[in-house]
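Here's a quick briefing to read alongside the model. Have a look at the structure first, then we'll walk through it by topic.

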Amino acid sequence: MDLSEQAADARALIDGLAGGRALVFGNSGGAIIGLTLAARHPESVAGLIAHEPPAVNVLPDGDPARDFFAEVAEAYARGGAPVAGRLFAQTVRGEGTYLWPEDLWKRFLGNGDHLFGREWPGFAAFVPDEAALSAARFPIVLGAGSADRGTYYARPSIEIARRVGVPWVEFPGIHMEFLPRPAGFAAAVRVLAAQMWTRGGEVPQDWLG
């Protein structure tokens, strides 16, 4: 499954559920899909918040983090999804300090082969379309968690923001802060999303009634 297919699926969801245009938030691989969606289907995006896209190909040549996806792919080839998943989790700051909801954990375990066997190559090869993102006529914001400074999955957000010429913001917490502390993370996203939606003084219709 390549990223163009992922972006087309996201566009189909927006068409079906949001009338064809939506504010988009993506975390991690979802942020990579969001950046692809914004570049390929700009008519579907009213604004994009890309939180910690692990786009290691934008890091400098020789940066050890550029080998991350290859190392996990090798672990998957050697021992399957359990081995790749353990290696992946060990690289993500904060994982193991809280419990995932049981239903989410079961879905993750069930999707391991799909993630590492089918989706992984697309994420590994991702390079943002800087020209398309720079030309976007909607707001784009990159960001990373306050606890993730220096990590391979946070640093690319800074570089992409610099290259595309868009704002970068700091979010609270870790890579998946929305799991252990959803209310605080949602509040941060809501403030930013409201600013993006109302830019230029456009007040949401719900507030006019």
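How many helices and strands does the protein have? The protein has eight helices and four strands, counted as DSSP runs (H or I over at least four residues for helices, E over at least two for strands) and numbered from the N terminus. Keep in mind that this is a predicted model, where local features need pLDDT of at least 70, side-chain atom pairs count only at pLDDT 80 or more, and totals for chains, interfaces and linings use all residues. Residues are numbered from 1 along each chain as its sequence is written, and side-chain values use heavy atoms, with hydrogens and water left out.

**Overall build**

- Going along the sequence, the pattern is α-β-α-β-α-α-α-α-β-α-β-α.
- The C-alpha trace spans about 55 × 35 × 35 Å along its principal axes.
- The radius of gyration is 17 Å, which agrees with the value near 17 Å for a compact globule of 209 residues (taken over C-alpha atoms; the rule is 2.2 Å times the number of residues to the power 0.38).

**H3 against H5**

- The axes of helix H3 (residues 68-90) and helix H5 (residues 112-125) come within 10 Å and cross at roughly 170 degrees (axes are lines fitted to C-alpha atoms, for helices over the stretch in contact, with angles from 0 to 180 degrees between N-to-C directions).
- That makes H3 roughly antiparallel to H5, a label for angles over 145 degrees.
- Residues in contact (heavy atoms within 4.5 Å) include Phe-68, Tyr-76 and Phe-88 of H3 and Phe-116, Trp-120 and Phe-123 of H5.
- This contact splits into 12 nonpolar, three polar and one charged residue (Ala, Val, Leu, Ile, Met, Phe, Trp, Tyr, Cys and Pro are nonpolar, Asp, Glu, Lys and Arg charged, and the others, Gly among them, polar).

**H1 against H2**

- The axes of H1 and H2 come within 9 Å and cross at roughly 75 degrees.
- H1 and H2 are therefore roughly perpendicular, the label for 65 to 115 degrees.
- On the H1 side, the residues include Leu-3, Ala-7 and Ile-14, and H2 brings Ile-33 and Leu-37, among others.
- By class, there are seven nonpolar, three polar and two charged residues in the contact of H1 with H2.

**Pockets**

- The largest pocket has a volume of about 1,000 Å³ (on a 1 Å grid over the protein atoms alone, a pocket is an open set of points where a 1.4 Å probe fits, with protein on both sides within 12 Å along at least five of seven lines; a volume is the space filled by probe spheres set on the points).
- Its lining has 39 residues, with Phe-88, Trp-100, Phe-108, Leu-115 and Met-176 nearest the centre (lining residues have an atom within 4 Å of a point).
- H3 gives the most to this lining, eight residues.
- The lining of the largest pocket has 25 nonpolar, 10 polar and four charged residues.
- The second largest pocket has a volume of about 180 Å³, and Gln-6, Phe-25 and Leu-37 are among its lining residues.
- Helix H1 (3-17), strand S1 (22-27) and H2 each give two or more residues to the lining of the second largest pocket.
- That lining divides into six nonpolar, five polar and no charged residues.

Notes. Parallel < 35°, antiparallel > 145°, perpendicular 65-115°, else oblique.
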